[in-house]
Amino acid sequence: MAESESGQDKTEDPTDKRKRESREKGEIARSKELNTLAVMLAGAGGLLIYGGGLASDLLEIMRLNFSLPREVLLTPGSMAQYLLHSGKIAILAVQPVLLVLLLAAVIGPISLGGWLFAAGSMAPKFSRMNPASGLKRMFSTSALMELLKALGKFFLVLFVALTVLQSDIDDLLRIAHEPLEQAIIHSVQLVGWSTLWMACGLILIAAIDVPIQLYQSKQKLMMTKQEVRDEYKEQEGKPEVKQRIRQLQREVSQRRMMAAVPEADVVITNPTHYAVALKYDPEKGNAPVLLAKGNDFLALKIREIAVANEVMLLESPALARSIYYSTELDQEIPGGLYLAVAQVLAYVYQIRQHRAGKGKRPEPLKDLPIPPDLRRDS
């Protein structure tokens with residue numbers, strides 16, 4: 001189990017933020033053995049696929065430069081032309097193999113950890129120039145692992161090379177008795193197959209190294225409980241700051257809520273502890289909407305604003321509590337309260353008609369139908 005500089009155990013998995021910052025710094029899992037394996041396999045494949053053409057071009061260069069006419073030897077400028085022509089043939093000959101190697105050199109690293117360009121990792125680190133830090137790295141566990149991997153790779157490649165050499169000894173001896181053209185082509189083929197077998201020998205080392213690199217990379221990112229808490233505080237903010245933000249949000253919400261009270265059709269009260277302001281728009285045909293709600297001091301302010309703006313107040317403790325606990329601001333009332341609120345709005349309409357001298361005064365509302373699941377007893 002890894003330990004931090006403070007001595008605490010790193011028992012927590014890295015957070016997304018920790019992973020993202022590590023990736024931005026270029027600190028991701030990379031396997032040199034996997035890269036070497038990819039390049040050697042690509043090189044061997046390139047020799048086997050394009051080896052015939054490479055051998056033919058090599059023979060052409062040899063014929064061109066080892067059978068020069070007498071007049072060419074006596075003309076100083078001709079040698080430069082022959083050299084330029086031979087260079088063109090050589091570049092075209094090795095171009096397919098170089099392209100395959102370039103592709104492998106790109107695919108090998110990104111196959112573990114993905115594509116990454118981190119400019120920060122290119123900056124000089126003066127801590128690496130410290131001799132004490134250098135000695136610490138030389139005698140660290142990672143340095144020992146690298147040494148063991150290097151020795152294992154050396155002995156494994158040596159064993160594969162000796163095995164391939166032993167199996168191809170007859171072909172190697174036969175090359176000495178073959179014509180020049182056939183011997184060159186045969187040599188390129190032998191080099192390609194030998195390289196392929198030695199690359200296959202590195203598969204074992206790469207298969208061991210990749211999990212080790214992934215494990216070490218994860219261990220470096222492991223966090224202590226305190227680091228997780230500090231990061232959470234940094235992302236979410238300090239408690240006192242969060243509390244102040246919530247307080248400001250509540251104040252803004254309350255001001256906006258109070259500004260909507262004059263638009264209400266009715267304010268239903270408890271009568272003193274709760275107050276809710278409702279608005280019904282018959283043109284939209286939807287259910288009534290809760291414009292404002294509050295208890296104690298806020299309920300008092302809602303009642304005061306309603307009185308000042310001639311919004312009707314209606315006492316219905318059970319209905320006021322039900323709407324207060326079941327409906328959020330700017331939302332429609334639940335379906336279970338439709339009938340009770342409809343009776344309230346009808347009563348309000350009748351009161352307005354009566355005050356305008358267009359009807360008799362309605363009877364006070366009694367026993368409004370409130371479903372048991374929406375009731376909130378005081």
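This is a predicted model: local features need pLDDT of at least 70, side-chain atom pairs count only at pLDDT 80 or more; totals for chains, interfaces and linings use all residues.
## A helix pair and a buried serine

Helix α6 makes a right-handed crossing as it passes helix α8.

**The α6 and α8 pair**
- Two packed helices are described by the angle between their axes and the distance between the axes.
- Here, α6 covers residues 141-167 and α8 covers residues 180-221; their axes come within 8 Å and cross at roughly 160°.
- Angles over 145 degrees count as roughly antiparallel, so α6 and α8 are roughly antiparallel to each other.
- On the α6 side, the residues that meet α8 include Met145, Leu156, Val160 and Val164.
- On the α8 side, Trp197, Met198, Leu202 and Ile205 are among those that meet α6.
- Sorted by class, this contact has 12 nonpolar, five polar and four charged residues.

**Serine 322**
- You can find serine 322 in helix α12, which spans residues 317-326.
- Serine 322 counts as buried because its relative accessibility is 1%, and buried means under 20%.
- Leaving aside residues up to four places away in sequence, serine 322 touches Leu337, Ile370, Leu374, Arg375 and Arg376.

**The whole protein**
- Of the 378 residues in the protein, 29% are buried.
- The protein exposes about 24,800 Å², and carbon and sulfur atoms supply 61% of that area.
- Among contacts between residues at least 6 apart in sequence, 72% join residues at least 24 apart.

Note on methods:
Residues are numbered from 1 along each chain as its sequence is written. Side-chain values use heavy atoms; hydrogens and water are left out. Helices (H or I, at least four residues) and strands (E, at least two) are DSSP runs, numbered from the N terminus. Buried means under 20% relative accessible area, exposed over 50%, partly exposed in between (1.4 Å probe, protein chains only). Contact means heavy atoms within 4.5 Å. Accessible areas come from the Shrake-Rupley method with a 1.4 Å probe; for residues, only the protein chains shown count as cover. Axes are lines fitted to C-alpha atoms, for helices over the stretch in contact, and angles run from 0 to 180 degrees between N-to-C directions. Angles under 35 degrees count as roughly parallel, over 145 as roughly antiparallel, 65 to 115 as roughly perpendicular and the rest as oblique. A crossing is left-handed if the near helix is turned anticlockwise from the far one by less than a right angle, and right-handed if clockwise. Ala, Val, Leu, Ile, Met, Phe, Trp, Tyr, Cys and Pro count as nonpolar, Asp, Glu, Lys and Arg as charged, and the others, Gly among them, as polar.
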